[in-house]
Amino acid sequence: MTVVQDVEDSPVVAVADGIAEEAVVPDPPDQPRRIGGLSRTGVLSLCGAAASGLCIAILLFGQLAPLSGAFGFTVVAYATFLTVYAVLTGLEEDGPAIRDKVMTVVLWSAASVLFSGLVLVVGFTLWRGREALPHWNFFTQDMQAAGPLDPLSNGGIAHAMLGTLIMISIALAITVPLGLACAVYLNQIPGGFSRFVRTIVEAMTALPSIVAGLMVYATWILGLGLQKSGLAAGFAISVMMLPIVIRAADVVLRLVPGTLTEAAEALGAPRWRTVWHVILPTARSGLATAVILGTARGIGETSPVLLTAGFTAALNADPTAGPMISLPLAVFSFVKSPEPTMIARGFGAAAVLMALVLVLFTIARLIGGRGAGHRSKGQARRAARASRRDVQRFDDLHAPALPLFDGENH
Amino acid sequence: MSSADASASAEADSEPWRSEDPVRPTAVRGFGDRVFRRQLTAAGVTVLAIMAAVGVFLLLRATAALKVTGFSFLTTAQWQPDVHHFGIAAVLTGTLLIALVAVAVSFPLALGTALFISDVAPRGLRRTLVAMVDLMAAVPSVVYGLWGLFFLQTHVIGLSRWLSQWLGWIPFLHVDGAQPGEPLASSSVYTASTFVAGLVVALMVAPIQCSVMREVFAQAPVGEREGAYALGATRWGVIRAVVLPYGRGGMIGGTMLGLGRALGETIAVYLIISPVFTIQPHILQTGANSVSSLIALHYGDASDFGMSALMAAGLALFLLTLAVNFTASSVVARSRSGAQSEA
C-alpha cells in the first residue's frame, strides 16, 4: 500500500509546487538492491563495529562503571557492536537496508550460538574421555573385578558395549519389520483408520522415554512377573523407537513418484509386487536413513533401560535372564559416583557412545543423501546391466520366428 | 506359437478403442494382494495396540494410588506414598518451569537458525548445516546431561548471579539467601537450579524446533518471495513480509513439539537438579524437580503402592505431553494444507 502511495504522491507534489518543478533534479538511475553478499565497506564497518563494541565494553567494565561478570561483558559488547554497526551502515544506506544488515548479523549470531553449543557438547565429551580411552582394557574388560578406587588400567565397559549391541538388535528386530510395514500401510491403504493411526503415531513421536520404560515395567515385570533383563530393555527401546521410525519412513515413502507406481500397475502388477519391487527399492536409501536415525536415538536413551534392564557390573550375553547394562546407563551410573576415576570412566563411555552415534549418523548421511529415485553410479550401472540382460532375453526368445514384427506372414 | 495367436486375435478384434462403450478396467484383487493387505492392516493395528497399551497399562497400575488420593493428587506437593501423603503439585510445576525456561531460550535460537539456514546462509553451506542440526537432535541425552553437570553448571553461575543481582526484583528471578554485594559469597545457592536444567534442555529441544521451522520456511512460495524482491524489498523485508507470515503455523507447531520433548526429558534433568518437594517458583535458586526425574529417583526403592503412585505420576506426564503433541501436530498440519498459494 505504501509503495503505491509513494509513487502517486511525488508527481502531485511536484506539479503543485511550481518553483520546485523548474528546479527538479533528474532522479539517479535505479540501482538494483544488493541482496546478500559482502561489500568492502560492509566488511570494514563490521570490523570497526566489532572493535568499538569490544573497546567500549572493556572501558565500561574495567574503568568507568562498576560492572562485572563475563556474561554481562558479552551482552554489553554485543549490544554496542550492533548499535555501532547500525550507525555505520546508516551513513550510506536507507532504513530498510540498515534493518536488513543488522538482522543478518543477528541471524548469523543465533546460528553460531546454536552450532557452537553442539561443538561444545561433543568436543567436551570427547576431550574429557581422553583419560579413559587410551587404556585398551577399557574396551575388553567389565567392571566385575574393578572397584571405584581402582586405577583406569583395571576394568572397562565391555559389558555395557555388549549390552547396547544386544538391546539395539532386539529393538531393531522388532521395529524394522513392524515399523516399515506400518509405514507402507499408512501409504498404501488410505482411509479413516490409517489416518487415525498416523495421528496417533505422530503424537507418540515425542513420547517421554521414561513413560516407555514405565509401560514395559508395568506389563513385563509387574504384570507377567518376569525379572529385569535385556529383553525387557529391548522392548522398552522398541516402544520408544517405533513412532520415530514409522514417521520418518512414512515421509520417505510419500516422496516415491506416483508415475512409477502407475507404470507398475499399468503393466498389470498386483499391489504387493508394486510395493515389493518398485516402491521399497525406490525409497531404499531414505528408509535406511529412517532406520539408522531411529537407531541413533534408541542407542542413546537411558531412561527406558534404567527401569527395565537392572544393573550389573558383569558381562552378561543372555538377554533373557539376568540384569544387563547399556552404554548410556553405564555413563549414568559411573558419573553418580564421586570418585574421579569413575567419572573418567563415565566420560570414556560417553565418548564411545558419542562416537557410535556419529558413525551411525555419517552412514545415514552417506546412503540417505539422495532423494527417492535418485541412484548412485553403481546402482545405475547395475540397472543398465539388468535391462541389457532383459533385452538379450527377449531377443533370444523371439529371434527364431521373429513373431513380434512379422506376425502377418504366419 | 502363442504370440502368433495373440497377434491374430488382435487383428480379428478390430480396434476395440473405437467402440461406443469404453472398456472400463476393473480392479481385481488376487489372492496375494488380499494376504498383503491383511498383513499391512495387521501391522497398523499392532502399532496402534502398542501405543494404546502405554496408556491403558499406566492407567491400570495407577488406579490403586489414584483411588487413595483422589483429587488431592493434583494439589499435594509432598511425595510420601507410604504414608499416603503424595501428589504431583511440586513436580508438575517443576516440569512446566523447566520446559518453559527451555522453550524461552530455545525459541529465539531455533527461529534464528531456521531463518539463517533457509534464507541467509551461503547455498553451499546449507546441507551441512541441516545435517548438523539433525546430528544435534541425535546426541544422546545423557551426553547433554554430562555437559550440563560438569561444564555448564560451573560457567553459568556468573550469569545466574548477574541476573539475580540486576533483575532480582522480578519475583521468579529472586534468589533467597543470595548476597549480591559479597564477592566471596558461596555460589551454591545458584547451582542445581531450574535455570541450569532449562538451559541444557533448551539445547536438546532447539534442533527439533529448528528442523520443523526450517521445513516450513523452505516451503514459502517462491513467487511471493520474488515478488517482494521485485518491489525492492531487502532480504529481511522478504523474511518479515513473506516467510514469517507463511511459516507461522510451523513456528507454533515446532515450538510445541519442542515443548513436548522438554516436558518428558529425564536423564539430563535428573543429573543436574537437586530435588525439592515444595513448589519452587524461583528459577535461579538451587532446587527443582520434574515428574520424570521423580520416577527415575524413586522407582528403585518403591513399595508396590509407591510404584502405583509413580505410575500415576507417569500417567499425568503422558497425558500432558500427548495433549501438547496433538495440538502441535494439528497446528503444523493445518498450516501446511491451508497455506497453498499460487506462485
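The crossing formed by helix 9 and helix 10 of chain A is right-handed, a crossing being left-handed if the near helix is turned anticlockwise from the far one by less than a right angle, and right-handed if clockwise. The model is predicted, and local features need pLDDT of at least 70, side-chain atom pairs count only at pLDDT 80 or more, and totals for chains, interfaces and linings use all residues. Residues are numbered from 1 along each chain as its sequence is written, and chains are lettered from A and ligands numbered from 1 in the order in which they are written.

Helix 9 spans residues 209-223 of chain A and helix 10 spans residues 230-254; their axes come within 9 Å and cross at roughly 135 degrees. Axes are lines fitted to C-alpha atoms, for helices over the stretch in contact, and angles run from 0 to 180 degrees between N-to-C directions. Helix 9 of chain A contributes A:Ser209, A:Ala212, A:Gly213, A:Met215, A:Val216, A:Trp220 and A:Ile221, which meet A:Ala232, A:Phe235, A:Ala236, A:Val239 and A:Met240 of helix 10. This contact of helix 9 with helix 10 of chain A has ten nonpolar, two polar and no charged residues (Ala, Val, Leu, Ile, Met, Phe, Trp, Tyr, Cys and Pro count as nonpolar, Asp, Glu, Lys and Arg as charged, and the others, Gly among them, as polar).

The secondary structure of chain A comprises 17 helices and zero strands; helices (H or I, at least four residues) and strands (E, at least two) are DSSP runs, numbered from the N terminus. Of its 410 residues, 40% count as buried (20 or more other C-beta atoms within 10 Å of the residue's own; exposed if 12 or fewer, partly exposed in between, with C-beta atoms placed from the backbone). In a further pair of chain A, the axes of helix 7 (residues 158-188) and helix 13 (residues 284-300) come within 10 Å and cross at roughly 140 degrees, which makes helix 7 oblique to helix 13. The crossing of helix 7 and helix 13 of chain A is right-handed. Residues of the contact between these helices divide into eight nonpolar, five polar and no charged.

Chain B contains twelve helices and two strands, and 48% of its 343 residues are buried. The axes of helix 5 (residues 141-167) and helix 6 (residues 194-218) of chain B come within 9 Å and cross at roughly 130 degrees; helix 5 and helix 6 of chain B are therefore oblique to each other. The crossing of helix 5 and helix 6 of chain B is right-handed, and their contact has nine nonpolar, five polar and no charged residues.

B:His84 lies in the loop between strand 1 (79-80) and strand 2 (85-86) of chain B. Most residues other than glycine have a negative phi. Phi of B:His84, however, is positive, near 60 degrees. B:His84 counts as exposed because it has 11 C-beta neighbours inside 10 Å.

Between the chains, 82 residues of chain A are in contact with 76 residues of chain B (C-beta atoms, placed from the backbone, within 7 Å). Helix 5 (residues 95-128) of chain A supplies the largest share of the chain A side, 20 residues. That side of chain A has 60 nonpolar, 15 polar and seven charged residues.

Key: Two residues are in contact if their C-beta atoms, placed from the backbone, lie within 7 Å. Angles under 35 degrees count as roughly parallel, over 145 as roughly antiparallel, 65 to 115 as roughly perpendicular and the rest as oblique.
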